[in-house]
Amino acid sequence: MIRRSPTRIEMRLDDLQVYEEIRKAHEAKKDPEKKASSSMNPPAWGGKIPQNEIQERIGYVPQQHSSTHNRTIP
């Protein structure tokens, strides 16, 4: 295995400005999600959460299966 000395990484002012822009854009996108997520708390009484609500939260979109089959029984 070849060993070499560590590479020096220097931060420039442009790099910091780009980082700040990206961070602000990420926080702006994140804020509406925080407000929406606070309204989606489970009920305090411990009731069962509907399956479609759970699937919506995790972004799962079930595929609809067609009920028509062209099978023949021998």
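Let's start with the fold: the secondary structure here is 2 helices and 0 strands. Keep in mind that this is a predicted model.

Of the 74 residues in the protein, buried ones account for 3%. The protein exposes about 8200 Å², and 55% of that area is supplied by carbon and sulfur atoms.

Part of the surface is nonpolar. M11, L13 and L16 make a nonpolar patch of about 330 Å². One of these, L13, sits in helix α1, which covers residues 13–38. L13 counts as exposed because its relative accessibility is 59%, and the cut-off for that label is over 50%.

Now for the charges. Side chains of opposite charge can pair when their charged atoms come close. How many salt bridges does the structure hold? The count is 5.

| Pair | N to O distance |
|---|---|
| R8 and E10 | 3.6 Å |
| R12 and D15 | 3.8 Å |
| E20 and R23 | 2.6 Å |

Take R8 and E10, whose side chains meet in a salt bridge.

R12 is exposed, its relative accessible area being 55%, whereas D15 has 29% and is partly exposed. The reason for the two labels is the cut-off: exposed needs over 50%, and partly exposed runs from there down to the buried limit of under 20%.

Then there is the bridge between E20 and R23, with its closest N and O atoms 2.6 Å apart. Where do E20 and R23 lie? Both are in helix α1, 3 residues apart, which is about one turn of the helix. E20 counts as partly exposed, at 31% relative accessibility, and R23 is likewise partly exposed at 31%.

Putting the pieces together, we have a predicted model with 2 helices, 3% of its residues buried, a nonpolar surface patch made by M11, L13 and L16, and 5 salt bridges, among them the one that links E20 to R23.

Notes:
Residues numbered from 1 in each chain as written. Predicted model: local features only at pLDDT ≥ 70, side-chain atom pairs only at ≥ 80, totals over all residues. Heavy atoms only, no water. Helix = DSSP H or I, 4+ residues; strand = E, 2+ residues; numbered from the N terminus. Buried < 20%, exposed > 50% of the residue type's maximum accessible area, 1.4 Å probe, protein only. Areas by Shrake-Rupley, 256 points an atom, 1.4 Å probe, with all protein chains shown as cover. Patch = residues over 30% accessible without salt bridge, like charges linked within 9 Å, V, L, I, M, F, W, Y side chains within 5 Å. Salt bridge = Lys/Arg side-chain N within 4 Å of Asp/Glu carboxyl O.
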